[in-house]
Amino acid sequence: MLDTREAIPGCEITGFPRVQRYGPDQRLEADQYTATVLPMAGRVRDLLVCELDSPPAARPDDEPPALSGLSGGPVFVGDVLLGIARQVPQQREGRRVECSPISPSVAAELHLRAAKTRVGLSHERVHGNFPKDLRYETEYAQALGVAYRRTKIFGLDELSRHDSEWDLDTAYLSLEAQAQDRAARHRGAMESAAPLPQRIDALLTDRPRVLLRGEAGAGKTTLLWWLAAHASARTLADDLAPLNGLVPFVVPLRTLRARGMTFPGPAELSRAAGLVVDAAPEGWAGRVLEAGRALLLVDGLDEVPPEDREQAHTWLSQLLARYPDTRCVATVRPLAVEPDWLRSEDFAELRLLPMRNEDIQAFVTSWHRAARLSEPDDAERLDELERDLALQFDQNPTLRDLARTPLLCAVICALHRRRDGFLPETRWELYRSALGMLLGHRDRRRRIGDPEGVELDVEEHTQLLQRIAVWLVREGQSEFTRDQALRQIGRALAGMERVSTQGRPEKILTHLLNRSGLLQQHADDTYQFIHRTFQDYLAAKEFVEDDHLNELLRHADEETWQDVILLAAGHCGRRELAVLVSGLLDVGLRYEAGTEERTAVHVLAALCAQHATWLDEAVRRAVRESTAALFPPTDDSQVASLARLGPAALAFLPDPRTMSTPKPDAWFVTSLITDIGGAPAIPHARAWALAHPWLGHAFASKWERFPPEGYATEVLAHSNLRHAVLTVSDRKRLKALRHLPHSYALSLRLDLSDAEIGAALEGIRLEGLFLRRATRLTGLAFLGAVADSLSMLEIGPCPALRDFSPPPGLHRLVTLLLDAEETRPGDLAPLADLPSLSLLKVRHLDADRLCEITAHPGVTDLTVTSRRPITLDGLDAWKSLRDLEISELASFDDSLDALREHAGITVLGLNAFPWAHRPADAVSVPTIKELSVPAPDRDGDLRMLRPLFPGVRHLRLDVSARRVLDLTPLHSWPGLRVQVTGLSRPRLIGAEKLGNRLNASPG
């Protein structure tokens, strides 16, 4: 909508005017005109008036005007639709075009229709600066692409700069994450299983604000880069498509701190990432934020020193309170801030999970593909190396566990290539070898001499880099300026005679930047290590060599220092390691038993001692005693800390027989066992499964963390799998199903043929089956194997499925969920023969009339979603229907009549609601008792619901697309209970007066 009195140049009208038609039969052809919109002209008549930049071609008096036929053509400024051409007045030489502006009701209708096709539309206020803003946004998007569409891949940097930079689309791997379920945490978790892991893309879809936790090297920054590059280019697909067209503001907190900058205000957001782009038009960022078109990407909250984190919280809270429609993703290390740190700002918390086995294999494939593209002459050897490394990962669980983050997986790929298949066995050896590979013979391999006139060996390189790294850790930074680096190098050169004779600090720094492979320029005069982990490793070495263990111990309870301390243990000699471990035990004792702080520090002590070649027996005994005192875990944070111990934690588990009744402690112990996973954990999982059958669903949900056959025979076969869903994502687990004849439900994530599914189900008495990928499915005959027991079936996208005839004996199927995106409505007719079917959900069906779906006489609960609005003709044929959910109604008034005539329907859900529509007649549906609708947009009014549905007693409102909602219109509705999802109470106006009649949750 227009929000200015100023003329707006640079608009376009596209249509099919008569002057553009061609041929003897006057065939249509499109034409395009540039124009200036005149907001004040036509205001009295509510018209949108455009003046063409040049007059149309003159026509003879006896012929129609040149622009005749242009009516109906859209008027755009950029990609914003302003109106529809209506007529060309005869005055003003035909240069004026009168148009109908986009009214609120038309805008709402377009918005709803777009939602069906998952195209993101938004209401845009067009102001006088809009054309200038539009041009700048194009430049800004290009600058984002330059900055974030390519990334440096570890292990390929011995190649040229061009070859070592990988297109981010090739490098990006959609990892799994898990929602942090607040409710489960407060319930004691045993009442419901934790949310299942999902790909991060899917989890970000319906969470406007996310705090993403992840370990070092887990891919947090890569994800933000990928989102920034693709959202600005409008190339996000599927779940993330609604982010297309948003304007990303990347805020790398480490960079701001290195530059000495404060937390950015609106006008500074576009400069925070140091993009190569002109200054923005005055007020541009504020206008983007005000319009709700911003995507705020805050990277590295853990990079902010602990004493400044409250200031960071205040900055982010105030920014989002001022601009509540802003989407935001912020990243942080797992323990840097407490749980629910941003809950008051409606942030959902997600945790990036370690890469699964198949993710590791996918990464190996991508890494070697990139290497082959860079070195085609070495392709045959790289093929062999890829096969060998894939086999090593498959057969060596210790190696797999080292590769659970993208960074470490890349390090292993590079070392495997450099060492012709021989790999280190511990984390410390891995980093040491990686540094040797980068600092050792890199230039000699490339036949490069000493271009800067500086020649350093590995240890000399390391000593210089250590000084920079330790300064960064002490300052709580991960980026540095040239002057800061020069000061540290100058101090180091005082004790390095051979190096100091080769040049001044400036020359040595230039050499390090150009030749070490460990430093990279991030912005003008700002540099960083290629990854924070290498900074921590080198800093740890400096702390140990400079005898500063006490300094490490003073920071032992700070999450940002704990990786440094752990890496320091690998650099320690016998005496230093004993001092370090004993000191950590003493630090932990400052905190109360059972606290998160004591658990974290004592786990750190145990990790430092874990791989020691030699450690004083008294110290080792003290570590065992302190570790034993941490068991059993009593909350999720303790489970996460203890799981870091890996299989070593299993020796401290309590006897499962001492916990004879269901209690939270047993749940947390089970969670610890399954988080550790692997073959060593199987005997412990078996013992707990036998002692506590009620934990069967917990063991079932983590099958993928264990060897398939052994876990199936030793644990799952002895577990109570009632109400447990077994996930099968590879063929080894599929084969192991033969050991589990009494499974309750299966989730098959493999794309299998009918015959393969039927063979896997043979001999299993199954009640639930969920086929996540079904592109090869052609019929339902395979269900014959479980026909006598199956009660619930879900089928994902199934483009080849045409025969829906149920097999003989499928009499117990009650629930059917179907993704019918490429299914013809008529193909569903055989489903009417299912005698027990009562719940039917058909999503993405290409239909616009309910009567196209054969009515089922026994269905009581029906969901139909379509890309097109649906009319409810034929609703009366669904005799038993009580609960109806529809994506969008085609004719609202007629649909209300159909609902009123079907008196049996008492529960109604509408995924889209025509808030701007006003029924022609006073029609109401008093039989509806429960109603679910999306919250109204700015032009909608909740008051319209009560006359239409006067019998409603329970109203559900989805407010995920809004940041504030006024519930005041519902105060006078007697007996109404309101459930709001997507917002918390503080963002609901009028919530207090509803009292306990309101139930609100952020999502």
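Buried means under 20% relative accessible area, with exposed over 50% and partly exposed in between (1.4 Å probe, protein chains only). We're working with a predicted model, where local features need pLDDT of at least 70, side-chain atom pairs count only at pLDDT 80 or more, and totals for chains, interfaces and linings use all residues. Residues are numbered from 1 along each chain as its sequence is written, and side-chain values use heavy atoms, leaving out hydrogens and water.

**Exercise 1.** Work out why the radius of gyration of the chain agrees with a compact globule.

*Solution.* Start with the rule: 2.2 Å times the number of residues to the power 0.38, with the radius taken over C-alpha atoms. Next, look at the spans: the C-alpha trace covers about 100 × 70 × 65 Å along its principal axes. Finally, burial: 52% of the 1003 residues count as buried.

**Exercise 2.** Find the largest nonpolar core and the residues with the most contacts inside it.

*Solution.* First, the term: a nonpolar core is a set of buried Ala, Val, Leu, Ile, Met, Phe, Trp, Tyr and Cys residues joined through side-chain atoms within 4.5 Å. The largest one has 285 residues, and Leu769 and Leu957 have the most contacts inside it. Now zoom in on Leu769: leaving aside residues up to four places away in sequence, its contacts (heavy atoms within 4.5 Å) include Leu746, Phe782, Met792 and Glu794. Apart from this core lies another, of 20 residues, among them Ala35 and Val75.
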